[in-house]
Amino acid sequence: MTVHSKLQPYIDAWTHSIESVNELVSPLAEGEWNRPTECPYWSVRDVVSHLIGFECELLGDPRPIHTLPSDLRHITSEAARYTEVPVDIRRHHTAPEMTSELEYTIIRRSRQLRNESRQPDAQVRAISGGETTLEEQLWGRVFDVWVHEQDLRRALDKPGNLASAGAVLARDYVLRSLPKLVAHDAGAEPGSAVVFDVHGPLEFMRTVRVNAEGRGSIDSAVSLGPAVTFVLDWETFLRLLTGRVRPAAVTGQVKIEGDADLADAILRHIAVTR
């Protein structure tokens, strides 16, 4: 059996993005691994450590046994603690140790994915526990790797791949959060609509509509008389929704038309993932 045709695009996008990460960090000098990124509290080394750790988990490697320092201010939940362990355990690894482990992890994981024969709806263990479908797991890995690739690119001043296959899948992954954000979190009125008009390397327009029962949905049709319209570039959109930047820091890059109170409420809740 071969990889299901529905899964191959996720694997291809993951491969392109993780190999791009490898190309970015392979030539780095030791000190460059300590550069801060927009991913809160994480350096270049930490971001790469996170990627290695989660891919190793999906390979079935045992979780490292490690006690976190008590002074890590950003560890405020069990989920954060779970994510931090494979990061903190590598904080003193050298550049050659990091690059060799990343390369070896990519080789192993690529082999595993090439041999994937399960159906997209097969139930698999989700990272950090619970169950999910194989397709959702792979989609989540594309999102995570591509977003962190962009963290690294900004930290290293090496822009690129903003319209890659990973970018498109990451966009679609995060767009699913907008209906709840607008209708539930921000409390948009029933019958209202909010438009996100995004330009740049990846151009798109999406309308979130709130029905009479207060539930949100999203589509690409134009809305007449939306309550709010946001006009912004793709990278700013990404940085806002992934919590990489606060709305107040990018006011010059976001044009807002319509209900100011609703717009403020949306922006207060816009970081749907971190």
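Biologist: How does the lining of the largest pocket divide by class into nonpolar, polar and charged residues?

Modeller: That lining has 16 nonpolar, 13 polar and six charged residues. Here Ala, Val, Leu, Ile, Met, Phe, Trp, Tyr, Cys and Pro count as nonpolar, Asp, Glu, Lys and Arg as charged, and the others, including Gly, as polar. Bear in mind that this is a predicted model, where local features need pLDDT of at least 70 and side-chain atom pairs pLDDT 80 or more, while totals for chains, interfaces and linings use all residues. Numbering starts from 1 along each chain as its sequence is written, and side-chain values use heavy atoms, without hydrogens and water.

Biologist: What is the volume of the largest pocket, and which residues are the closest to its centre?

Modeller: Rolling a probe the size of a water molecule over the atoms shows where empty space is left. On a 1 Å grid over the protein atoms alone, a pocket is an open set of points where a 1.4 Å probe fits, with protein on both sides within 12 Å along at least five of seven lines; lining residues have an atom within 4 Å of a point. Points are joined across faces, edges and corners, and the volume is the space filled by probe spheres set on them. In this case the volume is about 970 Å³. Of the 35 lining residues, Phe 54, Thr 83, Asp 144, Thr 273 and Arg 274 are the closest to the centre.

Biologist: Which helix gives the most to that lining?

Modeller: Helices are DSSP runs (H or I, at least four residues), numbered from the N terminus. Helix α5 gives the most, with eight residues.

Key. Helices (H or I, at least four residues) and strands (E, at least two) are DSSP runs, numbered from the N terminus.
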